4 protein chains.
Amino acid sequence: MTAQARRTDPFELEPVTDPGRRLVALAERHARDLAVRAPKHDREARFPGENVAELQRSGLMAACVPEELGGMGVRSIHDLVVGINRLARGDGSTALVVNMHSNVPWLIAPQWRAATAAGDLAATAPLEGLLRAIVDGQVIIGAAFSESGTDMLHPLLTGTRVDAGWSLTGRKVFGTASGAAQLLFVPFRVAEPDGGSRTLATMVPVGSPGLEIVDDWDALGMRASASQDIVFRECIVPADGLTDLGAWGEWSPLWLVGVISNHLGLVATFLGIAEAAREHALELVTTRRKAPAGRLLAERPGVQHLIAENEIDLAACRAMLTRTALIADACFQAQSGPVESLDALHSLHKDFQCTKWLVTRKAIDIVDRSMTLAGGAGYLNASPLARLSRDVRAGPLMQPFSPNEAFEYIGKVTAGLNPILVG
Amino acid sequence: MTAQARRTDPFELEPVTDPGRRLVALAERHARDLAVRAPKHDREARFPGENVAELQRSGLMAACVPEELGGMGVRSIHDLVVGINRLARGDGSTALVVNMHSNVPWLIAPQWRAATAAGDLAATAPLEGLLRAIVDGQVIIGAAFSESGTDMLHPLLTGTRVDAGWSLTGRKVFGTASGAAQLLFVPFRVAEPDGGSRTLATMVPVGSPGLEIVDDWDALGMRASASQDIVFRECIVPADGLTDLGAWGEWSPLWLVGVISNHLGLVATFLGIAEAAREHALELVTTRRKAPAGRLLAERPGVQHLIAENEIDLAACRAMLTRTALIADACFQAQSGPVESLDALHSLHKDFQCTKWLVTRKAIDIVDRSMTLAGGAGYLNASPLARLSRDVRAGPLMQPFSPNEAFEYIGKVTAGLNPILVG
Amino acid sequence: MTAQARRTDPFELEPVTDPGRRLVALAERHARDLAVRAPKHDREARFPGENVAELQRSGLMAACVPEELGGMGVRSIHDLVVGINRLARGDGSTALVVNMHSNVPWLIAPQWRAATAAGDLAATAPLEGLLRAIVDGQVIIGAAFSESGTDMLHPLLTGTRVDAGWSLTGRKVFGTASGAAQLLFVPFRVAEPDGGSRTLATMVPVGSPGLEIVDDWDALGMRASASQDIVFRECIVPADGLTDLGAWGEWSPLWLVGVISNHLGLVATFLGIAEAAREHALELVTTRRKAPAGRLLAERPGVQHLIAENEIDLAACRAMLTRTALIADACFQAQSGPVESLDALHSLHKDFQCTKWLVTRKAIDIVDRSMTLAGGAGYLNASPLARLSRDVRAGPLMQPFSPNEAFEYIGKVTAGLNPILVG
Amino acid sequence: MTAQARRTDPFELEPVTDPGRRLVALAERHARDLAVRAPKHDREARFPGENVAELQRSGLMAACVPEELGGMGVRSIHDLVVGINRLARGDGSTALVVNMHSNVPWLIAPQWRAATAAGDLAATAPLEGLLRAIVDGQVIIGAAFSESGTDMLHPLLTGTRVDAGWSLTGRKVFGTASGAAQLLFVPFRVAEPDGGSRTLATMVPVGSPGLEIVDDWDALGMRASASQDIVFRECIVPADGLTDLGAWGEWSPLWLVGVISNHLGLVATFLGIAEAAREHALELVTTRRKAPAGRLLAERPGVQHLIAENEIDLAACRAMLTRTALIADACFQAQSGPVESLDALHSLHKDFQCTKWLVTRKAIDIVDRSMTLAGGAGYLNASPLARLSRDVRAGPLMQPFSPNEAFEYIGKVTAGLNPILVG
């Protein structure tokens with residue numbers, strides 16, 4: 001058997017639709033260039049502008065825009081996830097940016113299709129405008145979910161009703177791609193007449209008065225993702241075109257669909273990082289020899305053991321992720337009708353959280369073992385493993401849920417209890 | 001959300017063919033009765049004769065016999081595996097017996113189909129005879145692979161050429177179902193003229209002169225599987241109808257296909273045992289209350305944490321097993337032509353060994369946590385958990401490979417090295 | 001290096017006082033006989049009467065009785081723990097019984113010493129009577145802490161004031177040694193005038209009217225420990241000689257000292273079981289050879305890996321247990337004065353719970369790997385490993401705390417929060 | 001209980017000799033300043049010159065120099081290890097440098113004592129010169145053990161006999177403190193007349209002709225340790241004052257004593273890093289509150305669980321390290337006579353490797369959980385956790401043995417086999 005045999009790995013994630021196959025082929029081509037530039041972007045903590053420009057030119061940034069509008073027409077979340085996975089093998093930060101961006105066209109394309117089918121021009125126009133702008137490379141979409149001192153379900157960014165719409169004040173953190181986006185998706189809290197509160201969301205153009213993107217992104221890893229702080233100081237957004245995410249502090253179907261679809265791509269990003277590390281380590285131990293015997297490193301029992309541990313973890317990650325993404329596709333399609341079941345979505349979200357926990361944890365383990373396989377050389381910044389070990393660590397920090405919380409959520413949903421966590 | 005929501009688990013193994021769906025429905029019906037009888041069979045270490053009789057009557061023992069011959073016509077190894085999984089939820093020992101038995105018709109049905117299609121009556125007749133005997137409930141097939149002091153690839157049971165065929169002498173151990181079978185599948189070693197040796201296999205009728213089945217099965221678990229020692233003392237078997245498994249000590253395509261197809265069902269058995277334990281524990285913590293607060297056990301943080309750990313492991317096991325079994329189906333179908341690729345089969349076997357290691361290990365963990373969830377009550381023999389904890393421990397002991405060895409094999413295949421282990 | 005080198009393991013638990021050294025030497029002698037009889041007691045689920053009789057004759061059952069009264073004079077809880085550890089290498093059930101029994105003289109000997117020093121004859125007499133009865137082999141003490149549906153801090157066994165003392169009604173479970181003891185230590189709940197309740201404890205003679213010991217002990221393991229159910233039906237106990245364990249549902253210093261001192265020996269029992277399994281497996285792999293190469297099993301890389309995993313776990317268990325027991329000795333001596341600090345005891349209890357979790361968990365892992373090392377042979381009931389795997393599983397079930405709960409307790413104490421668990 | 005209660009942790013490493021107590025008190029004072037400067041040194045990958053200057057002024061760099069010569073007189077390796085542990089809580093790189101440096105006076109002080117006691121002035125003088133130079137702050141000692149493409153037992157740096165001594169040619173890597181040392185300890189290989197080869201070692205003054213220290217240190221972590229490459233190009237060293245480390249490729253007593261004594265301090269360094277991370281995380285979760293409930297983070301079940309996992313791991317690390325270091329002290333003292341037992345040292349080395357594997361692995365886990373406890377904030381470079389997570393990863397890479405190899409070594413020594421690894 002040749003060493004290449006391992007590369008025909010049947011557990012590999014593979015697209016299941018034609019648009020997906022086109023996306024993945026394209027992503028694999030891009031990944032090679034991304035990998036070349038990744039060390040420089042990492043060192044300089046600089047947004048990979050040339051990467052994104054290339055991805056716009058090739059059409060990949062329009063992966064989820066309908067073909068009728070000039071996009072690639074990917075509808076399957078599974079296949080989008082596979083494409084993101086391939087990009088991440090080249091550069092995790094870029095994959096993170098592309099995933100966050102692509103989630104919006106993936107979410108609104110069905111609305112555009114429905115509005116078009118219904119001949120509802122009023123509804124069609126704004127959606128179509130945004131989708132075409134993505135195709136034309138005029139818009140990158142960033143996200144601003146996280147805030148310090150609270151969780152995603154309880155945004156503290158406050159919207160106050162004013163004549164022109166809503167006036168937003170507060171601060172978001174970890175705003176992926178915010179350093180390069182034209183539009184930011186922003187959830188905020190508004191008071192309701194009955195004393196309760198509600199979570200709305202809107203798309204805020206970068207450059208709006210009262211919106212400051214702080215050039216402060218200096219993290220352990222994912223350094224090219226421009227995940228900057230965003231300060232809102234009486235930033236006015238229009239009252240139309242808002243998304244109602246439901247009662248503040250509660251899971252609505254929209255929240256769940258958004259989180260699951262977006263985060264499947266995040267998980268695929270960390271899997272891709274782990275795959276790159278594993279490939280690097282395998283290449284190394286199947287080509288390097290060591291004194292005194294001069295045999296391949298891979299001939300050593302301890303090396304074989306580590307390789308095998310990585311294969312087991314990798315197989316589990318891939319099997320879980322592909323299975324969950326296919327289930328999500330089925331679930332989302334089944335729910336394209338009028339009524340969505342919150343229970344079914346919690347059940348899917350529980351499965352997704354199992355997958356997220358396992359994949360982001362095992363991805364860290366795979367990179368860690370890859371560094372052990374490489375020995376001291378992998379600890380030097382000249383090795384991609386040093387960067388990959390920093391990038392992959394972001395995985396479990398993505399909300400919801402941190403490993404602090406995932407067990408509680410999974411346990412509660414499984415036991416049929418109210419899935420709201422102890423605050 | 002109701003507690004039942006958890007039972008619509010989308011990670012559940014599901015059949016993908018029509019015969020598979022019929023098999024699984026049937027297996028689920030049987031499983032209920034099997035579960036009722038399991039404690040008694042376990043206590044008495046007695047072969048579950050009435051179970052097997054029922055499975056013969058319902059046709060389940062002929063799951064893999066072609067429909068034209070009166071069987072259920074299951075061709076997909078994936079679907080056979082799902083059926084075995086369902087039986088194992090009722091009784092692991094019975095599932096073990098059914099799996100070992102069913103592997104033979106699964107392996108020879110394609111031969112029968114090919115011979116029939118070619119009009120080769122000479123080849124058709126003996127295959128058809130055996131397949132019909134299975135349908136008629138006249139034959140249960142057991143297996144006798146293992147021996148003490150050696151591994152499966154190096155059988156020490158010796159065949160010596162005599163006029164009437166081959167004279168077998170030696171001892172097999174862990175002969176699943178040997179205490180109740182009519183036929184035993186037995187590999188043995190023969191010398192070759194060039195000084196090398198070869199592994200042949202044959203089906204030996206129970207009751208043959210020189211064949212003694214020792215009534216000695218007294219194990220920690222799987223106590224109803226009648227996995228007895230089998231002593232051969234100049235036991236004569238005919239020279240025709242032998243299966244050539246290749247050079248002694250080397251992997252042939254036949255060995256690999258046989259091991260993978262048979263052991264997927266073994267793995268499914270241990271998954272089924274874990275599923276039964278998890279179900280029992282979930283039922284308990286969602287219904288029992290404890291002083292002083294009187295709330296459900298499932299309300300406690302530690303309980304939720306354990307439930308979640310089980311869900312993650314269970315999801316990984318199911319995703320891995322179903323994925324591997326589907327890949328095996330594709331691989332076996334691709335190889336139904338004349339040439340089989342040893343490399344491709346080693347690659348599949350590597351994937352299977354990853355799956356086997358993970359599932360048998362995590363199955364033990366799931367049962368262990370289920371016992372922790374049940375508390376002291378689960379440690380009493382009155383609880384099914386005590387039996388399940390003993391049954392599930394057999395998983396990693398199934399050859400090839402023990403956990404001693406699986407890492408070495410996986411590592412070597414992945415690195416493109418010769419996959420023969422250090423002896 | 002010879003294979004014996006491993007037996008001079010410097011991590012071995014070793015006694016630190018002279019009486020401790022005598023105890024350990026004696027325990028090691030007994031352990032050999034205990035090991036011979038263990039299979040039979042296990043099979044028959046029978047109390048090891050002849051073991052205990054021998055231990056009474058040799059004086060080991062009086063390990064903690066002062067030398068002046070004819071005992072061995074062991075004061076160090078560390079050294080008692082080492083002695084229990086040695087017994088457990090021979091038979092876990094017997095070690096469990098001896099530990100439960102020995103805890104009482106260990107607790108009351110300081111009271112006797114203090115009373116004697118103070119010349120307080122009234123206080124001295126009953127203590128001395130009991131201690132001498134232990135020396136004379138007239139008394140084995142069992143314990144009855146656990147109840148179904150509640151935890152140790154919240155006993156539901158109810159004491160009602162009657163003229164003759166207290167009338168007890170309720171049911172205890174897992175009463176270690178109850179099938180053979182002359183006296184049982186029994187906590188129960190009494191109502192207080194202010195509407196609250198309190199936990200008292202007393203020693204109940206077996207044979208008392210209204211006390212029934214149910215001959216029902218049939219568990220997965222620890223089958224010779226006679227840990228039977230105990231039913232109280234208006235069983236009258238005298239009102240004097242009671243121990244006040246504090247407010248019902250709250251930790252008092254007495255509770256903590258009792259739990260820590262008693263459970264250190266339990267933990268040592270499970271360590272001893274693991275050590276016996278590891279020794280058995282090491283003996284096997286350093287003497288058995290396997291076809292085709294005929295080399296020792298220990299020459300195989302996978303076997304070496306498993307051995308090493310066991311050594312790491314074993315070293316951690318021993319280091320943790322000996323360190324915690326020495327700290328406990330220091331803490332208990334520091335507190336022999338009038339004032340005991342509940343905070344200091346919770347801190348010690350937290351450390352103990354870390355130790356208990358690690359040792360009982362790793363002991364299971366060590367036995368599990370030992371079975372893997374032994375292969376299928378270890379799964380047969382003819383192997384001690386089958387029994388050890390059942391015995392060792394009792395470890396994490398011992399209250400307080402189950403693994404359900406230990407994390408919460410440790411986390412709360414470490415964070416300086418109220419250590420009472422979510423009920 | 002107050003949150004401070006956790007800081008009276010009885011598992012804390014504590015010195016056992018008077019010089020050790022003085023060292024530890026001094027190290028704790030220094031650690032505070034080290035912690036303040038650590039971020040800057042890390043960012044700039046700059047040797048912490050001012051730290052070392054302060055440590056020279058306070059006398060800490062002369063910890064192991066005899067008191068008669070002006071040093072602190074620490075003889076116990078255990079106590080040196082505790083001092084290193086305290087420094088590492090402030091800055092891992094500095095602790096690494098101090099440990100590497102201090103190992104030499106620790107090793108030669110007994111030689112000086114013996115020579116002085118014997119009145120052997122010829123032997124006393126050079127030792128005394130070096131020891132006094134350390135006290136006077138004239139000498140920092142670095143080490144140059146590692147080379148690329150080989151392991152420590154098989155140095156490829158070659159010594160060729162010339163008139164003036166030995167001419168060294170080759171390249172060392174990971175030369176801790178080499179960027180700031182005055183002397184480097186360097187093992188090299190020489191040919192023997194019989195065709196074999198031998199490993200010698202010498203102290204090479206920085207600045208020697210033919211010695212180049214490459215200013216290239218740019219690693220993931222331990223960035224202030226100046227662990228640079230060192231190139232030897234016909235660098236001449238004198239023939240006297242050499243240390244004979246035995247046959248090339250074989251373990252000698254000197255190798256083992258050197259490795260164990262030096263690496264105990266390395267392990268203590270990584271424990272100190274983990275302790276700093278844990279302290280930071282505990283501080284955070286016991287003071288920060290989160291919306292909507294506004295309760296302490298430590299009130300959450302998932303947070304308590306993570307805290308507890310850290311406490312268990314930390315307790316195991318501390319118990320293992322202190323136990324092993326005390327055993328090493330006993331072993332080294334027992335061997336100060338003429339004959340050292342290679343078997344006894346391998347047994348000790350095996351125990352040390354168990355400790356090293358556990359502590360360096362668990363230290364990574366503790367820092368990882370601390371980052372999870374801190375959430376996204378811990379992933380920013382503004383947090384010490386980001387640096388600690390990079391520093392701690394160096395632990396398992398320290399030779400011998402990498403985790404690739406440690407299992408094989410431990411397994412072989414335990415089984416009584418030849419402890420040389422498969423090459």
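Buried means under 20% relative accessible area, exposed over 50%, and partly exposed in between. The model is predicted.

**Exercise 1. Classify B:Phe174 and C:Ala226 as buried, partly exposed or exposed.**

Step 1. B:Phe174 lies in strand 3 (residues 165-175) of chain B. Its phi is positive, about 55°, although B:Phe174 is not a glycine.

Step 2. The relative accessible area of B:Phe174 is 27%, so this residue is partly exposed.

Step 3. C:Ala226 sits in the loop between strand 6 (211-213) and strand 7 (228-237) of chain C. Its phi is also positive, near 50°.

Step 4. C:Ala226 has a relative accessible area of 5%, so this residue is buried.

Step 5. Most residues other than glycine have a negative phi.

**Exercise 2. Find the buried residues of helix 2 of chain D, and say why they lie on the same side.**

Step 1. Helix 2 of chain D spans residues 49-58. Its buried residues are D:Asn51, D:Val52, D:Glu54 and D:Leu55.

Step 2. These residues cover an arc of only 160° around the axis, so they fall on the same side of helix 2 of chain D.

Step 3. An α-helix has 3.6 residues a turn, so residues three or four places apart point the same way.

Step 4. The cover over them includes helix 1 (18-44), helix 3 (77-90) and helix 4 (92-117) of chain D.

Step 5. Just after helix 2 of chain D comes D:Gly59, with a positive phi of about 95°.

**Exercise 3. Describe how helix 8 of chain D packs on helix 10 of chain D.**

Step 1. Take the geometry. Helix 8 (residues 342-374) and helix 10 (residues 403-414) of chain D pack at an angle of about 145°, with axes 10 Å apart. The crossing of helix 8 of chain D with helix 10 of chain D is left-handed.

Step 2. List the contact. Helix 8 of chain D contributes residues including D:His346, D:Lys350 and D:Trp357. Helix 10 of chain D contributes residues including D:Pro403, D:Phe407 and D:Ile410.

Step 3. Sort the residues of this contact: 8 are nonpolar, 5 polar and 1 charged.

**Exercise 4. State what relates chain D to chain C.**

Step 1. In chain D, the C-alpha nearest the axis belongs to D:Ala319, 2.6 Å from it.

Step 2. The same surface serves both copies, and 98% of the contact residues of chain D recur in chain C.

Technical notes: Residues are numbered from 1 along each chain as its sequence is written. Chains are lettered from A and ligands numbered from 1 in the order in which they are written. This is a predicted model: local features need pLDDT of at least 70, side-chain atom pairs count only at pLDDT 80 or more; totals for chains, interfaces and linings use all residues. Side-chain values use heavy atoms; hydrogens and water are left out. Buried means under 20% relative accessible area, exposed over 50%, partly exposed in between (1.4 Å probe, protein chains only). Helices (H or I, at least four residues) and strands (E, at least two) are DSSP runs, numbered from the N terminus. The arc is that of the directions from the helix axis to the C-beta atoms. Contact means heavy atoms within 4.5 Å. Copies are superposed by least squares on the C-alpha atoms of residues with pLDDT of at least 70 in both. Axes are lines fitted to C-alpha atoms, for helices over the stretch in contact, and angles run from 0 to 180 degrees between N-to-C directions. A crossing is left-handed if the near helix is turned anticlockwise from the far one by less than a right angle, and right-handed if clockwise. Ala, Val, Leu, Ile, Met, Phe, Trp, Tyr, Cys and Pro count as nonpolar, Asp, Glu, Lys and Arg as charged, and the others, Gly among them, as polar.
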